[in-house]
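User: I have a model open here and would like to go through it piece by piece. Could you take my questions as they come?

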Amino acid sequence: MKQKKIPLRMCLGCKEMKQKRELIRVVKNNEGEISIDLVGKKPGRGAYICRSADCLEQAIKAKRLEKAFETTIDMDIYHILKNQLEENDG
């Protein structure tokens, strides 16, 4: 039986290739709105971050989300991501 290919994506924090399911997707839609996509089905350009606070901090510090989407990111998006990580840990 043929094995299914597992999609890999790069984390913006640690720059490691990981399985798509292990990462949180941040999406920029056609209107330029940035949102969190926990299911992975929203339309738009996606960027991925590990489910660890260290990776999120690295991505924020290096402004990697802003570079990936070529726009400024509102601090509310970062707060939502931090809250999401805390919920997963607890």
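Analyst: Gladly, and we can start with a loop: Lys15 is found in the loop between strand S1 (8-10) and strand S2 (17-19). Please keep in mind throughout that this is a predicted model.

User: OK, what is the phi of Lys15, positive or negative?

Analyst: Lys15 has a positive phi of about 65°, although it is not a glycine. Most residues other than glycine have a negative phi.

User: And is Lys15 buried or exposed, or something in between?

Analyst: Lys15 counts as partly exposed, because its relative accessibility is 44%.

User: Which other residue has a positive phi without being glycine?

Analyst: Lys63 is one, with a phi near 55°, and its place is in the loop between H1 and helix H2 (64-69). Lys63 has a relative accessible area of 46%, so it is partly exposed as well.

User: Switching to the sheet, what is the strand order?

Analyst: The sheet is open and has three strands in the order S4-S3-S5, paired in the antiparallel sense. Strand S4 (34-37) and strand S5 (45-50) are the edge strands, each of them pairing on one side only. From one strand to the next, the twist averages 30°.

User: How many bridges does S3 make with S4, and how many with S5?

Analyst: Strand S3, which covers residues 23-28, pairs with S4 over four bridges, while six bridges join S3 to S5.

User: Why is S3 described as largely enclosed?

Analyst: Five of the six residues of S3 are buried, so the strand is largely enclosed by the rest of the structure.

User: Now salt bridges, how many are there?

Analyst: The structure holds two salt bridges. In one of them Asp37 is paired with Arg25, and the closest N and O atoms are 2.9 Å apart. That pair links distant parts of the chain, with Asp37 in strand S4 and Arg25 in strand S3, twelve residues apart.

User: Are those two partners buried or exposed?

Analyst: Asp37 counts as buried because its relative accessibility is 4%, and Arg25 counts as buried because its relative accessibility is 9%. The cut-off behind both calls is that buried means under 20% relative accessible area.

User: Which residues make the other salt bridge?

Analyst: Glu57 forms a salt bridge with Lys82, and here the closest N and O atoms are 3.6 Å apart. Glu57 is partly exposed at 41% relative accessibility, and Lys82 is partly exposed with a relative accessible area of 29%.

User: I might want to look at a cysteine, so where is Cys50?

Analyst: Cys50 is found in strand S5, and it is buried, with a relative accessible area of 3%. The C-alpha atoms of Cys50 and Glu16 are separated by 9.1 Å, although these residues are 34 residues apart along the chain.

User: Last topic, how much space lies in the largest pocket?

Analyst: About 300 Å³ of space lies in the largest pocket. Its lining has 16 residues, and Pro7, Gln19, Lys20, Arg21 and Val39 lie nearest the centre.

User: And what is the lining like, in terms of nonpolar, polar and charged residues?

Analyst: The lining of the largest pocket divides into six nonpolar, two polar and eight charged residues.

How values were computed. Residues are numbered from 1 along each chain as its sequence is written. This is a predicted model: local features need pLDDT of at least 70, side-chain atom pairs count only at pLDDT 80 or more; totals for chains, interfaces and linings use all residues. Side-chain values use heavy atoms; hydrogens and water are left out. Two strands pair if DSSP finds at least two bridges between them. Helices (H or I, at least four residues) and strands (E, at least two) are DSSP runs, numbered from the N terminus. Axes are lines fitted to C-alpha atoms, for helices over the stretch in contact, and angles run from 0 to 180 degrees between N-to-C directions. On a 1 Å grid over the protein atoms alone, a cavity is a set of points where a 1.4 Å probe fits but cannot get out, and a pocket is an open set with protein on both sides within 12 Å along at least five of seven lines; lining residues have an atom within 4 Å of a point. Grid points are joined across faces, edges and corners, and a volume is the space filled by probe spheres set on the points. Ala, Val, Leu, Ile, Met, Phe, Trp, Tyr, Cys and Pro count as nonpolar, Asp, Glu, Lys and Arg as charged, and the others, Gly among them, as polar. A salt bridge is a side-chain nitrogen of Lys or Arg within 4 Å of a carboxyl oxygen of Asp or Glu. Buried means under 20% relative accessible area, exposed over 50%, partly exposed in between (1.4 Å probe, protein chains only).
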